[in-house]
Amino acid sequence: MKSEDRILLAHGSGGRLSRELVESVFGKIMSNPILDRMDDAATLKLEGRLAFTIDSHVVSPIFFPGGDIGRLSLTGTVNDLAMMGAIPLYISAGFIIEEGFRLRDLEIIAGSLQAAALEAAVQVVAGDTKVVGRGAADGIFITTCGLGSIPQGIMLSGSGAIPGDQIIVSGTIGDHGAAILSHREGIEFDAELKSDCAPLGALVGAMIEASPNIHVLRDPTRGGVAATLNEIAYASGVDIEINEEKIPYRSEVRGTCELLGLDPLILANEGKLVAFVAGSDSEIVLETMRKHTFGSEATVIGMVQNQASSRPRVYARTLLGSRRIISMPTGEQLPRIC
Amino acid sequence: MCLAIPAKIIEINNQMANVEVGGVSRQASVILLPDASPGNYVLMHAGFAISLVDEEEALETIKLFEQLAAGQ
Amino acid sequence: MSLPFLDEFRQGAHLRALMEKLNERAGELARPVRIMEVCGTHTMAISRHGIRQALPESIQLISGPGCPVCVTANADIDRFLEISLIPGVIVTTFGDMLRVPGTRMGLAQARGNGAQVQIVYSTLDALKIARENPDAAVVFFGVGFETTAPTVAATMIEAHENGIDNFLVLSAHKVVPPALEALCNTPGLAVDAFLCPGHVSAIIGPEAYEPVADAFGIPCVIAGFEPADILQSMIMICDQMTSGRAEVELQYTRGVRPGGNPAAMAIMQKVFQPADAEWRGLGTIPASGLAIREEFSAHDAAQRYDVDVSYSREPAGCLCGAILTGIKTPRDCPLFDKGCTPDHPIGPCMVSSEGACSAYHQYEI
């Protein structure tokens, strides 16, 4: 197949073209002993408690500064495993491709998925490809499943936050969401903005090793930090207070949000985590995180308090010293002029 | 009712300016602000510069805040 | 990197000092004051920075009719929705409008039903869509006040001069001063002072509020949108109240010039002429809308598409009207946070992020 070629319906038919595509793209790029067997299912040997997850990726644009849908679909799933304290091990990937999609683009996407897999020390062990007619999908959709093993004694859950926990973010907030917005049709602008899209397994491994008193880990993807904190407050039955002055942002993200009238707290992140850590251990966890590439800008943004009213709340301490509510974000992110 | 933010004009070509906010740049029309020139800060609303930011007045206001804060 | 002319007006130390001074001034007031922030962007900023929660008891902020999404009558929204369903039409609008419910449906549902809807950041983006789709009619829903109307007018002039005949505008624009006067004449209205919109004033100039201050004896302070601006403006209002003055004062000196922006006004007036307009909550106000002039009628979507919206009605039980005039607060509404939430808005004040109900719900509930 030549790189100017395009994906045809026949590539998903199960016939000769399908095989050619699987062999020349996925088999070649993602080659590993388990995948190379090309059996109906991968056979794996695993012990202990496992974490198992699935995530579908439908990002537009498909290529964005700092990554593409391939990298995103790998890191998204790996990070979901890592947030449970699991060591990510195996990935399966399902590709739904729109007829007419450029083969060269598919190769690039598969390549960055594989590069991210190497970075995250996981193997892609199973895959599937379907081709749908023009208009039935927007370019390419990728669904990935992930399996990871949970070390003994690790018990992380969104319901584990307790009053007194310090809340740490691993770095600047909103980078991915802003980078995507900057390339969205109709609102294009130029900025040195890159998605933060990165696998966090190694960072989490180091954190868990440093402290047995990490209660919650979450990656604030869709809905951003605002959604994540609300979810945790609800699941744990606690109030959360963060300090607005402490939240780290890149100036380009702030500029983007000022321009478009958006709140950076609701922008998606793809390479950041929020950790709830017992107060006594927050320093050691922070120190550990800062030694790591993906945690070098980690900082404490707030703490957990007792639930004070009829429902769990997330508050921000404003610059003025007053408190405002951070509510669960609703609907899609739209630029506003008003 | 009207979000407008201070943006710096980098250059102007044919009534379209390249403006910058916190490292983010975008095109904005200066047709509503014929006096705008590169280096000026303007208030940008919905892709149009609608008013010049008077830097002297801004500094005056900031000075007032500083005095107020220092007096306490 | 800092954001010049924004960050300086958000300094914690300055804000606390301003707050202390405001507390001092509020202590000198003979009676509690009710300040209406006319502008929705002020409502947003006030909520966003937790200003309402930090105020002394003698100062009450109430949200006024300055959210274009909120005051746009259902009939105008329904007209736009009907147009969106006409084959061959691409409708474009600002993100603020996407979730607004009309009588039968909202724009998001219309999109689900096959309408081609494009959210734009600027009218120039809508014009670009018209250029790129010569076979489609591209209709822009023009909402907003004097800040926005000149940008729409400038785009229409460009379309007109360049023969881009498939660019049309449905104008539901409104102007502020007549609404303020109508508001002052509303029975039951208890407003002691107006926090006036900084960016509208950048276009129309501070002089536009003088009739309101003179005829109704209500202090008007034109405010910027950063927390320091808003606090300083409230101090200025307190000073006026204490000294018994009712004047137009300018706090937002860096953004507003005497006389406003004459070039923008001229462009707006070239395309639009005053017309009576229906405001949700305020009813029909003479000369408070902007209709497209005859010269530009080829770009007037209301003229090209004769759609029937006789079914239009306002949502039942919703207090948006009274909330927009400041007579009621969002908490007074029986639907607030019950049937009407940002996820499932019933009234427009819950839809627009700067709507009083949505701002309350997001930041203050």
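**Chain B against chain A**

User: How many salt bridges does the rule find across the interface of chain B and chain A?
Analyst: A salt bridge needs a side-chain nitrogen of Lys or Arg within 4 Å of a carboxyl oxygen of Asp or Glu. Across the interface of chain B and chain A, the count by that rule is zero.

User: What kind of model is this, and how are residues numbered?
Analyst: Residues are numbered from 1 along each chain as written, chains are lettered from A, and side-chain values use heavy atoms, without hydrogens and water. Local features need pLDDT of at least 70, side-chain atom pairs count only at pLDDT 80 or more, and totals for chains, interfaces and linings use all residues, since the model is predicted.

User: How many residue pairs are in polar contact between chain B and chain A?
Analyst: A polar contact is a pair of N or O atoms within 3.5 Å; within protein, one must be able to donate a hydrogen and the other to accept it, and residues adjacent in sequence count only if both atoms are side-chain atoms. Both residues must be at pLDDT 80 or more. Between chain B and chain A, the count is three.

User: Which strand gives the largest share of the side of chain B that touches chain A?
Analyst: Strands are DSSP runs of E, at least two residues long, numbered from the N terminus. Both β3 (24-29) and β4 (41-45) of chain B supply at least two residues to that side. The largest share is three residues, and it comes from β3(B).

User: Which residue of chain A stands opposite B:S25?
Analyst: Strands pair if DSSP finds at least two bridges between them. Here two bridges join β8 (residues 190-191) of chain A to β3(B), and the strands run antiparallel. Opposite B:S25 stands A:D190.

**Inside chain B**

User: What is the bridge partner of B:P6 in β4(B)?
Analyst: Four bridges join β1 (residues 5-13) of chain B to β4(B). These strands run antiparallel. The partner of B:P6 is B:L43.

User: Which residue takes a positive phi in the hairpin of β1(B) and β2(B)?
Analyst: Five bridges join β1(B) to β2 (residues 16-21) of chain B, running antiparallel. One of the pairs is B:E11 with B:N18. The hairpin has two residues between the strands. With a phi near 55 degrees, the residue is B:N14.
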